[in-house]
Amino acid sequence: MIKLIAFDMDYTLLKTGGALSSVTEETLKKADEQGLLLVPVTGRNRDELQKLLPKLHARYAVTVNGATVLNLSDNSVLYQQLAPVEDMLEYILKAESMDIYTEVYSGKVCTNPFCYENMEALGMPPDQVPLFQATRTVVPSLYDFAKERGGVEKLHLVFHDVPDKEKRQHIFLGNPDFSYTSAYVNNLELCSNKVNKATGLAALIEHLGIAPEEVMALGDGANDASMLQFAGLGVAVSNAVPEAKEAADVITLSNDEDGAAIAIQKYALNQS
């Protein structure tokens, strides 16, 4: 029996452009009323989730690809894994010397003035730009910010397009102390090698006393594959990348067709 529903946000639960449909909102409300735990498992941090939280009926969140697990009632940290500082600083220094969108997650999400002013030109998906502009803190130097913080949850890079990523991402790859994943085709996300959505979700359900087979997970991106495989029932939306589809048990309709809501209705609501 499903007790917890773990869902990715962008391009899974949300429509392209970031809206939560009325169908999905009503489905989440019914799931909450039936006692199911609803948990966003996302590359976003708390600030990026804030406006949607009242509609998600979530008491917990697995954020920044699993790096930080939060109790939303008091914003306390239940679990956290930070990336190695010195190696991360080296990568940040390299990224800031290149014309690629660069940002650092460390409590808040920071980027530099050049990146903030040129998001779409640097390859950010246009539908993501409003969210990023509303939730980023601009600092003169990401290197100085990260060094001062002393710990980084995630380094996020966006290349101009897929060919640009294929040409230049090797500069940041190959460090065994890091995990590498993508939320969309032209980005790259670096976290501690102990971090993925499955490890964050596993830490939460251990805290709650819930077994993996009692979890339903929904996702679309390469960074969702680990939790789709970990959960008792992994569901990929039809717009998912091949890696996510291969990790899933079933495929639902796309995010723009309320696929996540339809899967929740089919597999989790009114269970006998």
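## Strands and pockets: worked exercises

In this predicted model, Leu-38 in β2 is the bridge partner of Ile-5.

**Exercise 1.** Find which strands pair with β1, and in what sense.

*Solution.* Start with β2, residues 37–40: β1 pairs with this strand in the parallel sense, over four bridges. Next, look at β12, residues 215–219, which also pairs with β1 in the parallel sense over four bridges. Here Phe-7 stands opposite Leu-218 of β12.

**Exercise 2.** Work out whether the two faces of β1 are covered or open.

*Solution.* Recall that side chains in a regular strand alternate between the two faces of the sheet. Now sort β1, residues 4–7: Leu-4 and Ala-6 lie on one side, Ile-5 and Phe-7 on the other. Buried means under 20% relative accessible area, and these four residues are all buried, so both faces are covered.

**Exercise 3.** Describe the largest pocket and its lining.

*Solution.* Begin with the space: about 290 Å³. Of its 16 lining residues, Arg-44, Glu-48, Lys-51, Leu-52 and Leu-131 are the closest to the centre. Then turn to the elements: α3 (46–49) and α7 (129–135) each supply at least two lining residues, and α7 gives the most, with four. Finally, by class, the lining has five nonpolar, five polar and six charged residues.

**Exercise 4.** Do likewise for the second largest pocket.

*Solution.* This pocket holds about 170 Å³ of space. Its lining includes Asn-45, Thr-63, Gly-107 and Glu-153. Two or more lining residues come from each of α3, β4 (68–71) and β5 (76–80). By class, three are nonpolar, six polar and three charged.

Technical notes. Residues numbered from 1 in each chain as written. Predicted model: local features only at pLDDT ≥ 70, side-chain atom pairs only at ≥ 80, totals over all residues. Heavy atoms only, no water. 1 Å grid on protein atoms, 1.4 Å probe; cavity = no way out; pocket = protein on both sides within 12 Å on 5 of 7 lines; lining within 4 Å. Points joined across faces, edges and corners; volume = space filled by probe spheres on them. Nonpolar A, V, L, I, M, F, W, Y, C, P; charged D, E, K, R; others polar. Buried < 20%, exposed > 50% of the residue type's maximum accessible area, 1.4 Å probe, protein only. Pairing = 2+ DSSP bridges.
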